[in-house]
Amino acid sequence: MAVLTLLLPPRARLAAEPALAPGPLASWWHRGDRADAAAPGREAALRSVFQFTGKTLPVAALTRQLDAGDAAGAVWLRADPAYARADMTTARLLACGELGLSAAEAQALIQPLRPLFGDAGFPIDAPVPQRWYLRCPPGAQLPAFSAPAEVLGDDLGRHLPTAAQGRRWRSLFNEAQILLHQHPLNAERVRRGQLPVNALWFWGGGTLPEWVRGAVTVVLGEDVPLRALAARAGVRAHAAEPAELAGLAADAAALLDLAVERDGGVLRTWIEAVAAALRDGRLSALDVRFESGERLHVTARQRWRFWRRLRPLPA
């Protein structure tokens with residue numbers, strides 16, 4: 001029977017959802033077997049499933065390879081289209097990447113940015129409208145940049161690099177803002193009720209790993225960096241519906257990624273489907289990995305541990 005590794009959001013977030021805390025999660029937590037906790041965070045969760053060269057997850061190089069197939073031989077940095085809004089005291093990043101751009105719009109917005117980044121030694125392009133890239137010279141040393149999920153809604157100043165190496169990137173960030181603010185396409189987008197693209201967000205820098213090895217045979221999920229990591233490992237990855245759990249091969253070692261899901265209703269549907277597959281014998285075991293680091297090993301037989309009183313998932 002198939003084995004499923006389930007990546008979930010942080011435990012505290014799930015415990016705060018009244019529709020999730022008392023259901024299968026509670027049973028798995030109180031009647032499953034606890035494993036040693038891992039380091040928290042998205043990257044640690046992915047490293048528990050995939051092994052790859054390098055000290056950090058090079059999202060830009062991995063997704064560039066997925067999008068364009070030419071990531072080898074350079075350092076890559078994502079420079080994704082973004083929307084930032086100023087308030088009384090600061091500016092906040094409110095959207096990044098998915099702004100509903102067409103390919104033609106992306107190319108029009110990038111056009112005035114080409115001289116800025118080309119002269120700096122970092123040519124910019126957009127093989128897909130929602131993911132833009134800077135090609136950096138081999139051996140380029142980049143400062144640490146925060147992933148968009150860590151920045152959205154927060155003060156931008158807290159996440160832009162501040163060290164001496166970061167001054168150049170703060171300057172590029174500001175100059176790009178000016179060019180984008182002046183672009184006539186943004187005024188047109190606002191008239192249409194769409195968000196303007198008035199900033200770029202730099203993140204995910206690194207080189208393509210020489211190799212990636214996966215401990216799974218199929219990945220179910222929509223997260224693009226995860227799909228890119230799976231592709232580099234030669235593992236099939238695709239979006240899926242809960243009903244697809246019934247079609248897993250008997251010897252499958254599957255990964256279901258729900259850690260990036262924000263809709264509580266979708267999470268509940270998937271979790272209940274996983275619980276049913278385990279109960280009906282379509283899964284032989286379940287490895288649950290919360291993004292906060294907690295880990296569980298669950299089997300169908302454990303539901304008979306009646307001496308372990310069920311309570312809602314603790315925060």
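This is a predicted model: local features need pLDDT of at least 70, side-chain atom pairs count only at pLDDT 80 or more; totals for chains, interfaces and linings use all residues.
Let me begin with arginine 213, whose charged end sits over the ring of tryptophan 211, 3.9 Å from its centre; a charge sits over a ring here if NZ of Lys or CZ of Arg is within 6 Å of the ring centre and within 35 degrees of the ring normal. Residues are numbered from 1 along each chain as its sequence is written, and side-chain values use heavy atoms, with hydrogens and water left out.

Threonine 53 counts as partly exposed because its relative accessibility is 23%; buried means under 20% relative accessible area, exposed over 50%, and partly exposed in between, with a 1.4 Å probe and protein chains only.

Now to the aromatic rings. A search of the whole structure finds eight aromatic pairs, and rings of Phe, Tyr and Trp (its six-membered ring) pair if their centres lie within 6.5 Å, with planes under 30 degrees apart counted as stacked, over 60 as edge-to-face and the rest as tilted. The rings of tryptophan 169 and phenylalanine 202 have centres 5.2 Å apart and planes at 70 degrees, so this pair is edge-to-face. Tryptophan 169 lies in helix α8 and phenylalanine 202 in strand β8, so the pair ties together parts that are 33 residues apart in sequence; helices (H or I, at least four residues) and strands (E, at least two) are DSSP runs, numbered from the N terminus.

Finally, how do helices α4 and α10 pack? Their angle is about 70 degrees, with the axes 8 Å apart, where axes are lines fitted to C-alpha atoms, for helices over the stretch in contact, and angles run from 0 to 180 degrees between N-to-C directions. The two helices are therefore roughly perpendicular to each other, since angles under 35 degrees count as roughly parallel, over 145 as roughly antiparallel, 65 to 115 as roughly perpendicular and the rest as oblique. Among the residues making this contact are Leu62 of α4 and Ala228 of α10.

Key
Contact means heavy atoms within 4.5 Å.
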